Amino acid sequence: MLELASLVILGILAQWLAWKIKTPAILPLILIGLLVGPVSTFFTEDGTKWLEPIWNGSEGVFPGESLFYFVSLAISIILFEGGLTLRKSEIGNIGPVIVKLISVGTLVTFVGAGLAAHFIFGLTWQISFLFSALIIVTGPTVISPILRNIPLKKHVSSILKWEGILIDPIGALISVLMFEFIRVEGGQDFTITALTEFGKILLFGFTFGFTFANILAFLIKKNIIPHYLLNVFILATVLGVFVLADIFAHESGLLAVVIMGMVMGNKKLPNIKELLYFKESLSVLLISILFILLAANIEVEEMLLVYNWQSLILFGIVVLLVRPIGVILSSLGSGLKVNEVSFISWVGPRGIVAAGIASLFGLRLVREGVEDAEYITPLVFMVVLFSVLLNATTARFFAKIVGVFIKESEGILIIGASSIARLIGKYLQENNRHVVLLDSNRDNVKKAKEMEIEAIEGSVYEDNLFNNIELNDIGYLMAMTGNSDINKTAINKFQKQFGENGSFRVITSDEMTNPELNPEEGLFSHTDDYIKLTELARKYPEIHEKELNSKEHYEGLIEITKSSPDILPLFVKDKQGKFTIIPSNSSQVEIEEGFKLVYLGKVLENEQNAEEPATT
């Protein structure tokens, strides 16, 4: 009981520590696992571990094969959650790069790392290529935390995210084939076995994943599953699909759950957000437990096998030679710049699938007396630990060196996706600004997406926005909802992360009637609240630009807009096309000749006509 409780407590503490120091949680989790596992044997009188996942094969927290059953089921949930986050809209013109990374890149890693392991450690060819198959995968559990803390262009983040999720089942598939090769006496028998296993994995993985995803989508849309059972029902289905596919073809369950997640994630299902939150929380708990368990299960003798100069050479070849070659070949003809290719080459940490399957296969082959099998688990863990440590500590610095780090966060997050927010968002997007709308109203989000504006269905009261790697380049925040509490919450909660260059909100009706209450973060005008903004957007759904001659000219136009209910100043656009959001205290804006006033409402042809309110 104490060991099980300790697993959860230590795992969550490690997650909190990782969040605090902004590093992937896998790093403190593995270190804690090694500390309570093999390292702890140096501090006990009888040489036992503080935490023993398996002891003598029959005792421990998870005796016998139960540890690997738990690992397999947990990985299936993690990969399903990853599949849910993949959106077809994210691919765009980077689809060919992703396909090459999980095909050409996979082949390069398999061959290159296998050759390196054989010649550096002198391992048998079979074990060498099993090792290389296991380190093919990168994984979303380690990629996402690294990318969250680095402002990158969206397509670079998307490439790494898609690769991390899609390559997991591919790496697992190749690992299974190598595992079968080792257990079968080569030659024609292996060829037949390999082709048979490969075909079965693809057949049952795609079939079960696609079929059950559509069945679940149908049940959800028809409200056949009660709301309070929805999350746990889907969880049970995921586990059932994983096990069922695995019965028909060993390891096809991993492919099945990824396909299932991808299909459901692109179905536009109701309550999909709730499902993502539930699965994300569950994945955090499972990852916390898994890494501690697997690291603690390593023996001191296994660690000593790989703690030497040979490991450093092998790791250096994998990171500095094999990975870059695979990325370079995959990016040929893609249009990616050299600096972007360099960064993608540098970021390739290994994750939970590599560690989990390595532990499973390594122990089984050791029990069967296969030569050099004892190297599998510690070598893979070495690559996992070193790659995460390297990328977590250097990715941000390396991004700056190669020039993919976004120095100025010019993206704009607009809270609310109403008609006025969509109108402003579309204008900014057409002027080459990254715009994201956030709204809890599904219809508003749908209308924004129909206008090809990036929109997220969510609430300012949720914390998951901080983990969205698509918002890495956001530097401006505009709260434009009809709820003053939501607007104020957005400013207080998100201004440090998303509003470093400016945080603004629509003023309230009380602030509009009392100029003395005009807040510092007031947006556009102290005489226009949300209702007036919405009415004006409905009456004049068009944004105009007027060239400015001087600061005095600008101030004169602002005075005119204050007296006209049909004109609202929005931005000042400089000669390079850079925008400055006009605050309710408009005197704060710097003006030069040639700048333009961007405004909403009736056309401001000249100052005299603008002073006359339009009649309805």
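Author: Happy to! The largest cavity in this predicted model has a volume of about 100 Å³. A search of the whole structure turns up six cavities of 30 Å³ or more, and here we will stay with the largest one.

The residues that line the largest cavity are Ile30, Leu34, Ile298, Glu302, Met303, Val306, Tyr307, Pro378, Phe381, Met382, Leu385 and Phe386. Of the elements, H17 contributes the most, with five residues.

What classes of residue make up the lining of the largest cavity? By class, the lining has 11 nonpolar residues, no polar ones and one charged one.

Now for the wider setting. The protein has 24 helices and nine strands, and 57% of its 616 residues are buried. Of the contacts between residues at least 6 apart in sequence, 74% join residues at least 24 apart. The largest nonpolar core holds 119 residues, and Phe131, Ile234, Met264, Leu314 and Leu379 have the most contacts inside it. Helix H12 (residues 272-296) gives the most to this core, with 12 residues. Another core lies apart from it, with 34 residues, among them Leu523, Ala537, Ile543 and Ile581. As general background, nonpolar side chains tend to be buried together in soluble globular proteins.

Phe198 is found in helix H9. The C-alpha atoms of Phe198 and Leu177 are separated by 7.3 Å, with the two residues 21 apart along the chain.

Two asparagines in loops also deserve a look. Most residues other than glycine have a negative phi. Asn223, however, has a positive phi of about 55° although it is not a glycine. Asn223 sits in the loop between helix H9 (187-221) and helix H10 (230-248), and at 64% relative accessibility it counts as exposed. Asn432 also has a positive phi, of about 65°, and is not a glycine either. Asn432 lies in the loop between helix H18 (419-430) and strand E2 (435-439), where it is exposed, with a relative accessible area of 73%.

Finally, a word on confidence. The mean pLDDT of the protein is 80, and 86% of its residues reach 70 or more. Confidence is highest in helix H5 (residues 104-121), at a mean of 93, and lowest in helix H24 (residues 607-610), at 44. Over residues 608-616 pLDDT stays under 50, and for them the model has 16 contacts beyond four places in sequence. Where pLDDT is low, the predicted coordinates should not be read in detail.

Note on methods. Residues numbered from 1 in each chain as written. Heavy atoms only, no water. pLDDT = per-residue confidence, 0-100. Helix = DSSP H or I, 4+ residues; strand = E, 2+ residues; numbered from the N terminus. Contact = heavy atoms within 4.5 Å. 1 Å grid on protein atoms, 1.4 Å probe; cavity = no way out; pocket = protein on both sides within 12 Å on 5 of 7 lines; lining within 4 Å. Points joined across faces, edges and corners; volume = space filled by probe spheres on them. Nonpolar A, V, L, I, M, F, W, Y, C, P; charged D, E, K, R; others polar. Core = buried A, V, L, I, M, F, W, Y, C linked by side-chain atoms within 4.5 Å. Buried < 20%, exposed > 50% of the residue type's maximum accessible area, 1.4 Å probe, protein only.
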